[in-house]
Amino acid sequence: MKKVILTAVAVVALGSFGHSTEFSRLKNFDTSKTESALYADCFLYSIEYLEDVESDLGFELSLSHQVLMLNNIYESCECTQNGNCFI
Amino acid sequence: MKTRDSFCVSLCFILTLSFASLFSQNRKVEVVYKANVARKENNQKQSKFTSKTDKLFEAMSDIEMILYYDKGKGVFQVADALSSSDKKDNLEFNLATILLDVSDDYFYNTQMNEVVVLKKDLGTDFHVVYTLNRFDWTLGSQTKEISGIKCYRATAANYFYDKNNKKQKIEVVAWFAPSVNVPLGPIGYSGLPGLILELEEVGRRRYFATNIFFDANFEIANLYEVKKGDRISEMDYNALLKSKYEHFHNLLKN
């Protein structure tokens with residue numbers, strides 16, 4: 001159940017940033033298998049990392065914290081994987 | 001009789017605050033804050049993220065925040081020294097600023113009775129506007145000294161939306177200095193008759209002043225960068241987030 005909620009939140013997170021150049025490419029999610037795999041990996045990585053942080057915190061994160069954190073983790077993961085960091 | 005006594009006590013308190021604040025009128029004030037965040041004790045778990053999570057908590061302890069105040073305007077932001085490109089490119093530093101709510105700059109205007117928070121997270125810059133006096137503070141008589149300044153305890157409630165979009169309450173305890181006539185504090189907390197030198201969201205986060213400088217060397221006009229336009233209320237901003245949530249939740253279902 002927690003994963004389902006987090007997945008939904010992650011979708012919101014990625015969607016919320018859909019206007020930015022990084023995440024606008026998510027609209028073409030199924031046009032390239034390689035890119036899809038990359039997005040899926042980073043998507044899962046973001047959720048797992050966030051879950052780990054949450055389990056360490058002594059309190060519940062707000063929706064906006066989750067959205068922002070997922071976005072940052074995803075962005076970092078994607079740029080590391082495709083080698084396009086900080087361009 | 002009891003009512004009369006309480007009236008006298010309140011009057012004396014207000015007069016003390018007013019008298020003390022006379023000494024700090026029209027002075028530039030710069031306050032450096034640090035924070036700590038609640039972490040589960042005796043958490044023995046090990047995962048592939050353990051070292052990253054440790055770095056994140058270290059980053060949260062290291063981050064310094066500064067509140068600048070002059071002539072009714074204030075700016076609260078992460079200290080420059082830690083905003084170097086090296087730090088900004090660091091994931092744990094970015095996550096730490098998010099968890100401490102300092103990834104955005106806060107612009108206070110006491111004459112306009114508003115706090116403007118510059119949000120960049122929806123692809124467009126939004127200036128989210130809050131009311132400066134939105135907290136219903138209960139003033140207490142308990143005191144303690146912080147950096148040699150006598151502070152009074154005040155409590156209030158704040159709220160946030162959880163991942164199920166339900167409103168949750170946070171208990172807030174502030175320690176404010178009536179002798180410093182600045183009605184501001186960290187991360188948007190404001191509206192007390194004195195500068196907030198310590199603020200705790202009970203069980204969550206605690207912000208505390210580590211240094212206070214009077215007549216500091218800064219120009220508020222160079223820091224206060226609120227532009228006209230693109231203003232949005234807190235309610236509208238939350239509605240925008242909620243609509244994004246619903247839109248993408250529907251996409252997920254389809």
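1. Contact between two helices. In this predicted model, helix α4 of chain A meets helix α4 of chain B through H65(A), L68(A), M69(A), N72(A), I73(A) and S76(A) on one side. The residues of α4(B) that take part are L91(B), N94(B), L95(B), I98(B) and L99(B). By class, seven of the residues in this contact are nonpolar and four are polar, while none is charged.

2. Geometry of the pair. The axes of α4(A) and α4(B), the latter spanning residues 91-99, lie 10 Å apart and form an angle of about 170°. Because angles over 145 degrees count as roughly antiparallel, α4(A) is described as roughly antiparallel to α4(B).

3. The largest nonpolar core. This core has 68 residues, and the members that touch the most others are I63(B), A96(B), F176(B), L195(B) and I196(B). Although these five belong to chain B, the element that gives the most to the core is α4(A), residues 63-82, with eight residues.

4. Surroundings of I196(B). Leaving aside residues up to four places away in sequence, I196(B) touches A174(B), F176(B), L184(B), G185(B), P186(B) and Y189(B). One of these, F176(B), is also listed with I196(B) among the core members that touch the most others.

5. Chain B overall. Six helices and 12 strands make up the secondary-structure elements of chain B. The chain has 254 residues, of which 32% count as buried. Among its contacts with a separation of 6 or more, 58% are between residues 24 or more positions apart.

How values were computed. Residues are numbered from 1 along each chain as its sequence is written. Chains are lettered from A and ligands numbered from 1 in the order in which they are written. This is a predicted model: local features need pLDDT of at least 70, side-chain atom pairs count only at pLDDT 80 or more; totals for chains, interfaces and linings use all residues. Helices (H or I, at least four residues) and strands (E, at least two) are DSSP runs, numbered from the N terminus. A residue is buried if 20 or more other C-beta atoms lie within 10 Å of its own, exposed if 12 or fewer, and partly exposed in between; C-beta atoms are placed from the backbone. Two residues are in contact if their C-beta atoms, placed from the backbone, lie within 7 Å. A nonpolar core is a set of buried Ala, Val, Leu, Ile, Met, Phe, Trp, Tyr and Cys residues joined through C-beta atoms within 7 Å. Axes are lines fitted to C-alpha atoms, for helices over the stretch in contact, and angles run from 0 to 180 degrees between N-to-C directions. Angles under 35 degrees count as roughly parallel, over 145 as roughly antiparallel, 65 to 115 as roughly perpendicular and the rest as oblique. Ala, Val, Leu, Ile, Met, Phe, Trp, Tyr, Cys and Pro count as nonpolar, Asp, Glu, Lys and Arg as charged, and the others, Gly among them, as polar.
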